[in-house]
Amino acid sequence: MWVRNRAIVTTGLVLAIIASVGIYLVIRDVGDNIRLPIAGRSCTVRADGHVRLNAEQMANAATIAAIGIQRKMPERAVVVALATAFQESGLENLAGGDRDSIGLFQQRPSQGWGTPEQIRDPRYAANKFYAGLKKVRGWQEMRVTDAAQAVQRSAFPEAYEKWADESEVLTRALLGDATAAVACTVGRTPVMRGAAAAAALTQNLTLDWGLPEAVSPAELTGLTVPAADPRDGWRYAHWLVSHAHDHGVRRVLFADLEWTADRGTWSRVSDRERQDARVVAEVFDEA
């Protein structure tokens, strides 16, 4: 009996060692390409591929994309910007980092990027990144990682490339090249409600996209945004869903589809509710 137990223990140890060696070899060979699960996933983006993000990441990605278009940068620039923010901060507006690095792009006040307060503003940070990218000669023909590195001057110049695929998916969705491509689940305790939510939503949509024509209804229960064509409509609709958590958005309606916070998905609406020339957003009522 003792001999058999000893044999069983020995066999178990051997199997454990083999498993450990296998895990080591996978990590060694795959390295940075391993994708760890994102805690608190609440948004799914599908546009010839799929990406899953939490609410903060999704909102920041939407703002980065909108600022790129407001600056009249090509779609490729948005891909580079998103890949950079993925690598530098995980698309989170970090309060700190290596040395004095701050924010989405880990820009450094000591390197002339701006004050700490400025860099913590996602719009400011995105504008500064695009301004830097625009100065790089021939960036449009570069690999994503080379274009990003020309701006960032990172100690890990190849690191940005691993986010290229995710960034292309996000760009297609956030720039309106896909229909109903951004779907987020929002809890029943939104950050904002009522008139405050509607006012903030209108202000931030206008700032991100540069849309002075964005209109908030008189009763302040949401807003409407004129859409010149379907692509513009889906740009604004996806931005609104991306910012649903931090702005208390309850419903977004465009064309013959609606997204609701209750379901967290897009579904068909009746012809009576169909909206082809504008995007409509409603916020949660006052508690």
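Helix α3 is mostly covered, with 11 of its 15 residues buried, where buried means under 20% relative accessible area, exposed means over 50%, and partly exposed lies in between (1.4 Å probe, protein chains only). Helices (H or I, at least four residues) and strands (E, at least two) are DSSP runs, numbered from the N terminus. This is a predicted model, in which local features need pLDDT of at least 70 and side-chain atom pairs count only at pLDDT 80 or more, while totals for chains, interfaces and linings use all residues. Residues are numbered from 1 along each chain as its sequence is written, and side-chain values use heavy atoms, with hydrogens and water left out.

Let us stay with α3 for a moment. Its buried residues are Ala77, Val78, Val79, Val80, Ala81, Leu82, Ala83, Thr84, Ala85, Phe86 and Ser89. They pack against β2 (50–53), α2 (55–70), α5 (122–134), α6 (144–152) and α7 (164–174); contact here means heavy atoms within 4.5 Å. The expected span of a helix is 1.5 Å times one less than its number of residues. For the 15 residues of α3 that gives 21 Å, which agrees with the 21 Å between its end C-alpha atoms. After α3 comes Gly90, with a positive phi near 65°.

Now for the core. A nonpolar core is a set of buried Ala, Val, Leu, Ile, Met, Phe, Trp, Tyr and Cys residues joined through side-chain atoms within 4.5 Å. The largest one has 82 residues, and Ile64, Tyr130, Leu170 and Val252 touch the most other members. Helix α3 (residues 75–89) supplies the largest share of this core, 9 residues. What does Ile64 contact, leaving aside its neighbours within four places in sequence? Its partners are Ala81, Leu82, Ala85, Leu91, Leu104, Phe105, Ala126 and Tyr130.

There is also a covalent link to find. Counting a pair of cysteine sulfur atoms within 2.5 Å as a disulfide, the model has 1 disulfide. Cys43 and Cys184 form it, with their sulfur atoms 2.1 Å apart. The link is right-handed, with 115° about the S-S bond. It joins distant parts of the chain, since Cys43 sits in strand β1 (residues 43–46) and Cys184 in strand β3 (residues 182–184), 141 residues apart. Cys43 counts as buried because its relative accessibility is 3%, and Cys184 is buried too, at 2%.

Finally, look at Thr44, which is also found in strand β1. With a relative accessible area of 19%, Thr44 is buried. Not counting residues up to four places away in sequence, Thr44 touches Val51, Arg52, Ala181, Val182 and Ala183.
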